[in-house]
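Have a look at it first, and then we'll go spot by spot.

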Amino acid sequence: MKNLKPSHPIGSEVPAEATPTLPQGPWQTPAIDNDAFNQWKSSNVFAQKQSGFYGVYLKIHLGDVAPDTARALAKVVRETAADDIRFTAEQNILLRFIKAEALPYLYHELTKLGLADAGHDSIADITACPGTDTCALGVTNSTGLATELKDILNKEYPHLLAVKDVHIKISGCMNSCGQHMAASIGFHGSSIKQGIKVIPAMQVVIGGGLDLVTGQGFVADKVIKLPSRRIPEALRTLLSDYQNNKQEGENYLKYSQRQGKIYFYNILKPIGDTDQINEVEFFDWGQDSQYIQSIGVGECAGVSYDMVGAILGDAIEKLAEAKTSFKEEIWSESIYHAYTAMVIAAKGWLLAKDVKCNTHIGIIEDFETHFAKDPEFALVLPFSEMVLQMRDGEPDLKFAEEYLETASSFVGQIIKGRKAEGELAEKMVLDSYYKA
Ligand code: SF4
């Protein structure tokens, strides 16, 4: 039996990690821009607890690395660091166990790959979920806005790039995959009605993050909803306000707590006046067509798992296997898969109606109890009789063909019913979703 005793009892010290097998060099000393190298070192490199080794953060805009770059990076990692690559919650990469003498070479190689951006954990190290680029739940474009804000910060606020107490995070909807509620200044996708038109908007949230002294975490406060195109102006306003009014030694977390959300609402309110709307404000960041509301099934951590959909997917798969076996003239196998497809589809329907079910026979009985008379299914035989024919039917062409037809028709009815319900539910939630 497995030993379930924890290797490190709670409260005990975790032993230091053994030094992994490492590349030994020697590393060339390439010609590099020393100022840029030192800036990168001060923001992206830290001394590990293990004496003589350094950890290096790679600041990756939106966490995107092209396949060729990733392959080249793997080669550099093998030449300079421990054989692991860690991905951080800020969409960056962490390399470990690098010797001091390998740092110039590593920097040189990362520069060639476009992965040597300084400013890890700075205000310009923005986290953003994919938003409407690929997520069907996205309401607005978070990546386009992140790129716009990053460019503004690099161009207009270079003196803030070393500041590590302001973090910007963006989500394309309220689900918070971009962690906006943990941001000093966060944004989540929303919309504003303008007559019959809709403007892409962002809900501004302020004051989330970690107090590095006490270790206490804070969730940001909702402040105001603004058209997406006005977020750069809102950010400039917030940063000027912070620079002009913060007290000596006060970081953004403390500053936002001192001022409170009404204060921020008041300074952003003039930006939210939608009496005058520019044509461009109907276009989301990076989009060349006007904004239209639409949501579907999302792709990410913030999306609830559609368990019924997954079960019905299994039923469809079993039906396909039944058809394949039928084509291959393996009658018994085709019959068995057709049976399984019907039971799984019935299970999906029961779960969709909140009827708990477990064994095959339980599913068959429950379906019969709850839906035998449902006109939606118009079954020619009682469900149990229909499904359990496979016990008595001969495993030959005739029975396999009839049984497969029965299964196809039943699974088809379930899928159709589920789809109709989904469309109805979507209509009901759509309005409240966009109001968030
Ligand atoms: S569901 Fe998650 S990934 Fe999709 S838009 Fe919303 S926050 Fe972003």
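## The core

A nonpolar core here means a set of buried Ala, Val, Leu, Ile, Met, Phe, Trp, Tyr and Cys residues joined through C-beta atoms within 7 Å. Keep in mind that this is a predicted model. Its largest nonpolar core has 43 residues, and the members touching the most others are Val-204 and Leu-226. Several elements give two or more residues to this core, including helix H4 (142–156), strand S8 (197–206), strand S11 (221–227) and helix H5 (231–245).

What does Leu-226 touch, leaving out residues up to four places away in sequence? The list runs Ala-201, Met-202, Val-204, Ile-231, Ala-234, Leu-268, Ile-271 and Gly-272.

## Two helices meeting

H4 and H5 pack with their axes 10 Å apart, at an angle of about 40 degrees. That angle is why H4 counts as oblique to H5. The crossing of H4 past H5 is right-handed.

On the H4 side, Leu-145, Glu-148, Leu-149 and Ile-152 meet Ile-231, Pro-232 and Leu-235 of H5. Sorted by class, this contact has six nonpolar residues, one charged and no polar ones.

## Out at Thr-19

Thr-19 sits in the segment before helix H1 (34–44).

Not counting residues up to four places away in sequence, Thr-19 touches Gln-50 and Phe-97. Phe-53 is 34 residues from Thr-19 along the chain, and their C-alpha atoms are separated by 9.7 Å.

How values were computed
Residues numbered from 1 in each chain as written. Predicted model: local features only at pLDDT ≥ 70, side-chain atom pairs only at ≥ 80, totals over all residues. Buried ≥ 20, exposed ≤ 12 C-beta atoms within 10 Å, placed from the backbone. Helix = DSSP H or I, 4+ residues; strand = E, 2+ residues; numbered from the N terminus. Contact = placed C-beta atoms within 7 Å. Axes fitted to C-alpha atoms, helices over the stretch in contact; angles between N-to-C directions. Parallel < 35°, antiparallel > 145°, perpendicular 65-115°, else oblique. Left-handed = near helix turned anticlockwise from the far one by under 90°. Nonpolar A, V, L, I, M, F, W, Y, C, P; charged D, E, K, R; others polar.
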